Amino acid sequence: MRIVMLFAVVFSLILVLPAKAAVMLIYHHVADDTPRVSSVTADELRQHLQYFKDNDFQVIALDVLINQLRSNLPIADNAVVITFDDSFENNYTTAHPILMEFGFPYTIFISPGSIDNRVGPVLSWDQVRAMAADGVLVANHSMNHEHMTQLQPGESKVDWHSRIKQNILEAERRILTETGQSHKWLAYPYGEFNSELETLVEALGFIGIGQQSGAIGAATKLSRIPRYPAAGQYADLANLGQKLRTLAFNITHYLSADQQVSDNPPTLRLQLKVSDFLPGQFRCYAGTEVLEPEWLNENTFEVTASKPLNRGRSRYNCTAPSLTKKGYFYWYSQPWLN
């Protein structure tokens, strides 16, 4: 009897232990003369990397994390993945030497058409190849950094599907030709996606990566992997340090979570496992508005903002403190595209 009771206690503790989580960060410019909202300075980047090192965060390559997620392998605790978007030249001239100094792996998401056509202060293919030779992972950010969910004037859904499929595959082909790499990871430009784009990405065998915030765990949907911004106001270490200490909710069903807004205000409805947090401490936010969740059953909630969302991109953020991991919060961000 004692053995049975001991087993029951141990098993119950296992059930409430928080899943280990990774955090993926997104950077753009590394410079002091570019738009602040999408920039960190060289000093700020160095401070971030030193913080990871001093606080025992495990900086891992994106391919390592993707393999763990796809193969249901354990995710290293306090894992951090570093990514850069938009093919900016200062990623090579400024960021790359600093990252090499620390020995940290990272990924750049590039748009081959922007490089081919020299659109803005972008990398050259010689620079991309030099980075790849140093072990940098090079991945897909669409051909020309398009708003991928938008239909062109007079375009049908069938024509949109064909155009976006060709766009993704052509960008991947160009990256393979220039660097020898083909990871089949697509970082959605502007972080914009909808259910049709997610379905296409999955059908092509790609991983979809967004710009909505949140931690990454075993249950993370591989067509909408979250990333935390690390630039502008989010470059502050006090702010960033809290994001690094977040956990991923174990979401089992995305019942109403298409980024493309049909009803405004939209309703977010998710089914998730409630184990390491108290439902009474679970809150969602639409900007500064606190959204009290309506629990439809013990595992399903929904929230709706009181006012329609503005045009463009916005989010609901949902969070709850972990019961077993002091100082850590579960975090989920639902992006909306109106």
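Predicted model: local features only at pLDDT ≥ 70, side-chain atom pairs only at ≥ 80, totals over all residues.
Five strands make up an open sheet with mixed pairing, and their order is 11-19-18-14-15. At the edges lie strand 11 (246-247) and strand 15 (289-291), each of which pairs on one side only.

Strand 14 covers residues 283-286 and runs antiparallel to strand 15, to which three bridges join it. Within this pair of strands, Cys284 stands opposite Leu291 of strand 15.

In soluble globular proteins, nonpolar side chains tend to be buried together. The largest nonpolar core of this model has 64 residues, and Leu25, Phe52, Ile82 and Leu268 touch the most other members. Apart from this core lies another one, of 21 residues, which includes Ala22, Leu69, Ile75 and Ala79.

Ile82 illustrates the contacts of a residue in the largest core. When residues up to four places away in sequence are not counted, Ile82 touches Leu25, Tyr27, Leu49, Phe52 and Val59, and also Leu99, Phe104, Pro105, Tyr106 and Thr107.

Asp276 is found in the loop between strand 13 (267-272) and strand 14. Asp276 is buried, yet it has no salt bridge. Why is a salt bridge absent for Asp276? A salt bridge requires the charged atoms to lie within 4 Å, whereas Lys325, the nearest side chain of opposite charge, is 8.6 Å away.

Asp276 does have a polar partner: its side chain makes a polar contact with the side chain of Thr324, at 2.8 Å.

Terms used. Residues numbered from 1 in each chain as written. Heavy atoms only, no water. Pairing = 2+ DSSP bridges. Helix = DSSP H or I, 4+ residues; strand = E, 2+ residues; numbered from the N terminus. Core = buried A, V, L, I, M, F, W, Y, C linked by side-chain atoms within 4.5 Å. Buried < 20%, exposed > 50% of the residue type's maximum accessible area, 1.4 Å probe, protein only. Contact = heavy atoms within 4.5 Å. Lys, Arg positive; Asp, Glu negative; His and termini not counted. Polar contact = N/O pair within 3.5 Å; in protein donor to acceptor, adjacent residues only side chain to side chain.
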